[in-house]
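Please read it alongside the structure shown below.

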Amino acid sequence: MSALAHYFERAGIPTVVTSLVREHSESIRPPRTLWTSFELGRPLGAPGDATFQRRVLLAALGLLAETAGPVLADFPEDAPGVSTGDAGNAGWACPVSLPKPEGSDPGSLVAQVAQEVRSLAPWHERARERRGGRTTVGLSGLPPDGIVEFLAGYAERGEETSPRDGIAFSRFLKHALDDLLAWYQEAATAQPGATPSGRELAAWFWGETRASRLFLAVRDRGAASEDPAIRLVAKLLLVPRSASAWIPPA
């Protein structure tokens, strides 16, 4: 949307963009942007809080008064119920006891993620049943174990071949990682009872799973790639800034 804003403005249509990734806005420089510190997928903050969301919208629309740009303004509030110092998920626990990690070399890491996937598989199936068979997983077209194998090929050996014709490796890499993250988080919600918040799911994934370490290994490999598209994905789109609150020291 940041790039499209330039085209709309040239046609005489004023635009305002809400941004969750500040680096994108700084690079693309749309005419008017409101940056928010909310988690990805929630540009208006906490769901169901109409009063707070209205403040976000009014702040964004207020930028239409700016006639010279680009303007990049910061929304001054965090989403309700989110504390920047909160690193726990005490109100919820994943129903699955994941295998304890052993070893730290890449080969061991991939084996550990594969074991996690096997442990979570029945729970993901249960979660799908609870949702009437619906799932957000499927961008890559690979099953979870296939995703792990694909990511291992890149993290361990730097293989930059897209499994799907017509899709650039950088794009497919993002699809595969999005699928794996969604699959883990859907499996974690299979337990009846209290529904975990997005923050609780993030704290569990980045703080307790070995899959998150595979994400970090892919990110490190991609950040050193000679392909600028892969470097962009690795540096900005794989590991959210907020994850640092939960990732244990290496």
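Rings of Phe, Tyr and Trp, the last taken as its six-membered ring, pair if their centres lie within 6.5 Å. In this predicted model, the structure holds 12 aromatic pairs. One of them is formed by Tyr184 and Trp204.

**Aromatic pair**

- The ring centres of Tyr184 and Trp204 are 6.2 Å apart, and the planes make an angle of 40 degrees.
- The pair counts as tilted, because planes under 30 degrees apart count as stacked and those over 60 as edge-to-face.

**Helix 6 with helix 8**

- The axes of helix 6 (residues 169–188) and helix 8 come within 11 Å and cross at roughly 165 degrees.
- Helix 6 is therefore roughly antiparallel to helix 8, since angles over 145 degrees fall in that class.
- The crossing of these two helices is left-handed.
- On the helix 6 side, the contact involves Leu173, Leu177, Leu180, Leu181 and Tyr184; on the helix 8 side, Ala211, Phe215 and Val218 take part.
- By class, the contact of helix 6 with helix 8 has eight nonpolar residues, no polar and no charged ones.

**Helix 6 with helix 9**

- The axes of helix 6 and helix 9 come within 8 Å and cross at roughly 25 degrees.
- That angle makes helix 6 roughly parallel to helix 9, because the class takes angles under 35 degrees.
- Helix 6 contributes Phe169, Ser170 and Lys174 to the contact, and helix 9 contributes Ala229, Ile230 and Val233.
- The residues of this contact divide into four nonpolar, one polar and one charged.

**Helix 8 with helix 9**

- Helix 8 (residues 211–223) and helix 9 (residues 228–236) have axes that come within 8 Å and cross at roughly 140 degrees.
- Helix 8 is therefore oblique to helix 9, as the roughly antiparallel class needs an angle over 145 degrees.
- Helix 8 passes helix 9 in a left-handed crossing.
- Arg219, Gly222 and Ala223 of helix 8 meet Ile230, Arg231, Ala234 and Lys235 of helix 9.
- This contact of helix 8 with helix 9 has three nonpolar, one polar and three charged residues.
- Ile230 meets helix 8 here and is also part of the contact between helix 6 and helix 9.

- Three strands form an open sheet in the order 1-2-3, with parallel pairing.
- Strand 1 (17–19) and strand 3 (71–74) are the edge strands, each pairing on one side only.
- On average, neighbouring strands of this sheet are turned by 25 degrees against each other, direction ignored.
- Strand 2 (residues 32–35) pairs with strand 3 in the parallel sense over four bridges.
- Trp35 stands opposite Asp74 in strand 3.

Notes. Residues are numbered from 1 along each chain as its sequence is written. This is a predicted model: local features need pLDDT of at least 70, side-chain atom pairs count only at pLDDT 80 or more; totals for chains, interfaces and linings use all residues. Side-chain values use heavy atoms; hydrogens and water are left out. Axes are lines fitted to C-alpha atoms, for helices over the stretch in contact, and angles run from 0 to 180 degrees between N-to-C directions. Angles under 35 degrees count as roughly parallel, over 145 as roughly antiparallel, 65 to 115 as roughly perpendicular and the rest as oblique. A crossing is left-handed if the near helix is turned anticlockwise from the far one by less than a right angle, and right-handed if clockwise. Contact means heavy atoms within 4.5 Å. Ala, Val, Leu, Ile, Met, Phe, Trp, Tyr, Cys and Pro count as nonpolar, Asp, Glu, Lys and Arg as charged, and the others, Gly among them, as polar. Two strands pair if DSSP finds at least two bridges between them.
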